[in-house]
Amino acid sequence: MIFDVLTLFPEVIENYCNISIMKRAKDSKVFELRTTNPRDYTLDKHKKVDDTPYGGGAGMVLMPQPYIDAYESVEKIDNSITVMLSPQGQPLDENLVCELSNYNQIIMLCGHYEGFDERIREIIKPKEISIGDFVLTGGELPALCVIDAVSRKLEGTLGKIESAHDDSFSNGLLEYPQYTKPRDFRGYKVPEILLNGNHKEIDKFRYEQQIERTKSRRPELYEKFLNRQ
């Protein structure tokens, strides 16, 4: 997997991918990270990448030339997809993460200010993805969400690939509660069923906990789960 990120702040992307699990996965060649800064492709001597919007209005709009030229400089490989991080996009969920993990390359465009000149969309024709119904100051955090979520689906990122299979949403439900040592902490005890070694009973208990937790905390998710049964 290759993650190509077009961003005005490459250090944000690179720094996150240089710690903990992400660093180990990158160092182990599970994925390759490449960043491209549109400022390096602007024709303006001041490295300007934005300007005021036609028709008036507050804020600044990202200009097409630096972004199109930066995008066209990225080496594309077979089975590649281009993504624009945008509040107007398809919500990022488990199904979309699994879909993205089947590509060999994900190219991501990170916006800023009042967003992209519409011609960037018209020329590149990216798949637009949103991480929620709210607005951030830039697309770097959403891009990192995509990188982190997708990389967990790649063999070699986690110690055991089964760790991803047990995550919340992997079967349409929230994850069951987890416990570790000590068995008793301030009077709060680990459920006895997790200590008896009977894996069939443990699996049943955990599944029941998933059902109950999803039903109480995310009723809309629980309804979707029921409708798929």
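Biologist: Why is Lys-153 called partly exposed?

Modeller: Buried means under 20% relative accessible area, exposed means over 50%, and partly exposed is in between, with a 1.4 Å probe and protein chains only. Lys-153 has a relative accessible area of 24%, so partly exposed is the label. Before we go on: this is a predicted model, where local features need pLDDT of at least 70 and side-chain atom pairs count only at pLDDT 80 or more, while totals for chains, interfaces and linings use all residues. Residues are numbered from 1 along each chain as its sequence is written, and side-chain values use heavy atoms, with hydrogens and water left out.

Biologist: What makes Lys-153 and Glu-94 a salt bridge?

Modeller: The rule wants a side-chain nitrogen of Lys or Arg within 4 Å of a carboxyl oxygen of Asp or Glu. For Lys-153 and Glu-94 the N to O distance is 2.3 Å, and that passes. Lys-153 sits in the loop between helix H6 (140–151) and helix H7 (162–165), and Glu-94 in helix H4 (residues 94–100), so the pair links parts 59 residues apart in sequence. Helices here are DSSP runs of H or I with at least four residues, strands are E runs of at least two, and numbering starts at the N terminus.

Biologist: What about Glu-128 and Arg-121: buried or exposed?

Modeller: Both Glu-128 and Arg-121 are buried. Salt bridges with shared partners join Glu-118, Arg-121 and Glu-128 into one network. Between Glu-128 and Arg-121 the N to O distance is 2.8 Å. By this rule the count comes to 9 salt bridges.

Biologist: Which label does Gln-210 get, and why?

Modeller: Buried, because its relative accessibility is 7%. Gln-210 lies in helix H8 (residues 199–217). Neighbours within four places aside, its contacts are Asn-171, Leu-173, Leu-174, Glu-175 and Tyr-176.

Biologist: How much of the protein is buried?

Modeller: Buried residues make up 39% of the 229 residues. As for contacts between residues at least 6 apart in sequence, 73% join residues at least 24 apart. The secondary structure comes to 9 helices and 9 strands.

Biologist: Last one: how many residues of each class are in the lining of the second largest pocket?

Modeller: The lining has 10 nonpolar, 10 polar and 2 charged residues. Ala, Val, Leu, Ile, Met, Phe, Trp, Tyr, Cys and Pro count as nonpolar, Asp, Glu, Lys and Arg as charged, and the others, Gly among them, as polar. Strand E5 gives the most to that lining, with 4 residues.

Conventions: Contact = heavy atoms within 4.5 Å.
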